[in-house]
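Welcome! Let us take a friendly look at the charged side chains in this model and how they pair up.

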Amino acid sequence: MFNIIIFGPPGAGKGTQSAMLLEKYNLVHLSTGDVFRSNIKGETELGILAKSYIDRGELVPDEVTIAMVEDFLKTRTDANGFIFDGFPRTISQGEALAKILTQLGTNIHAVLALEVEENELVSRLLERGKVSGRTDDQSEDKIRNRFGEYNNKTEPLLAFYEDQNLLHRINGLGDIDHIFGALCEAVDSVRG
Ligand code: ADP
């Protein structure tokens with residue numbers, strides 16, 4: 001398997017770039033945000049629980065998120081590899097992911113971190129909120145809260161992956177195809 005994490009704050013472009021990467025490298029996409037949203041739509045127990053956090057711009061608790069990811073991965077052992085989008089978002093999620101992948105006889109091969117400054121992100125999210133209908137993208141308070149969560153809980157993962165020599169920092173500002181090119185260059189450098 002070949003496994004990539006696409007990393008970055010809300011609005012950095014993880015979803016857009018994941019769609020292009022998974023096609024090029026034939027990977028299975030796991031967006032925890034998408035899985036939560038489809039559970040919310042289906043009014044499942046998981047969806048009702050997740051909604052209460054997502055609506056406040058808070059992270060869903062680790063136990064819940066990790067159990068969901070574990071279920072997903074264990075039913076997709078035939079995959080060529082995964083692209084993790086929006087997961088992990090805390091150090092404990094990062095540790096849990098490493099453990100699960102070890103059990104599957106694989107590991108993370110690259111962490112691609114998209115870097116974009118906060119004011120640009122806020123305006124991108126507010127724009128997205130107008131068309132996507134995502135309520136967490138429609139209020140600046142909720143958006144600021146998500147950045148608070150990112151800075152406190154998620155950003156420490158950068159050092160976690162840097163220590164493992166897995167981190168590639170990519171400028172997330174500019175043309176989508178240009179950013180995609182930079183991501184592919186990083187992926188190809190580890191794929192050999
Ligand atoms: P964005 O990257 O724009 O915040 P996502 O779709 O990745 O969008 O996530 C939307 C929301 O779903 C997050 O604000 C959070 O509440 C929840 N969520 C997604 N992934 C995780 C995760 N790994 N751990 C905890 N909560 C998560």
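## What counts as a salt bridge

A salt bridge is a side-chain nitrogen of Lys or Arg within 4 Å of a carboxyl oxygen of Asp or Glu. Side chains of opposite charge can pair when their charged atoms come close.

The model is predicted, so to speak of local features pLDDT must be at least 70, and side-chain atom pairs count only at pLDDT 80 or more, while totals for chains, interfaces and linings use all residues. Residues are numbered from 1 along each chain as its sequence is written, and side-chain values use heavy atoms, leaving out hydrogens and water.

## Two pairs to begin with

In total, the structure holds 16 salt bridges. One of them links Asp55 and Lys51, with 2.7 Å from N to O. Asp55 is partly exposed at 27% relative accessibility, and Lys51 is partly exposed at 37%. (Buried means under 20% relative accessible area, exposed over 50%, and partly exposed in between, using a 1.4 Å probe and protein chains only.)

Arg37 and Asp34 also meet in a salt bridge, at 2.9 Å from N to O. They sit three residues apart in helix α2 (residues 32–41), about one helical turn. Helices are DSSP runs of H or I with at least four residues, numbered from the N terminus.

Lys153 forms a salt bridge with Glu149, their closest N and O atoms being 3.0 Å apart. Both lie in helix α7 (residues 140–154), four residues apart. Lys153 is partly exposed at 37%, whereas Glu149 is buried at 12%.

Elsewhere, salt bridges that share partners join Arg128, Arg134, Asp136, Asp137 and Arg146 into one network.

Conventions: Helices (H or I, at least four residues) and strands (E, at least two) are DSSP runs, numbered from the N terminus.
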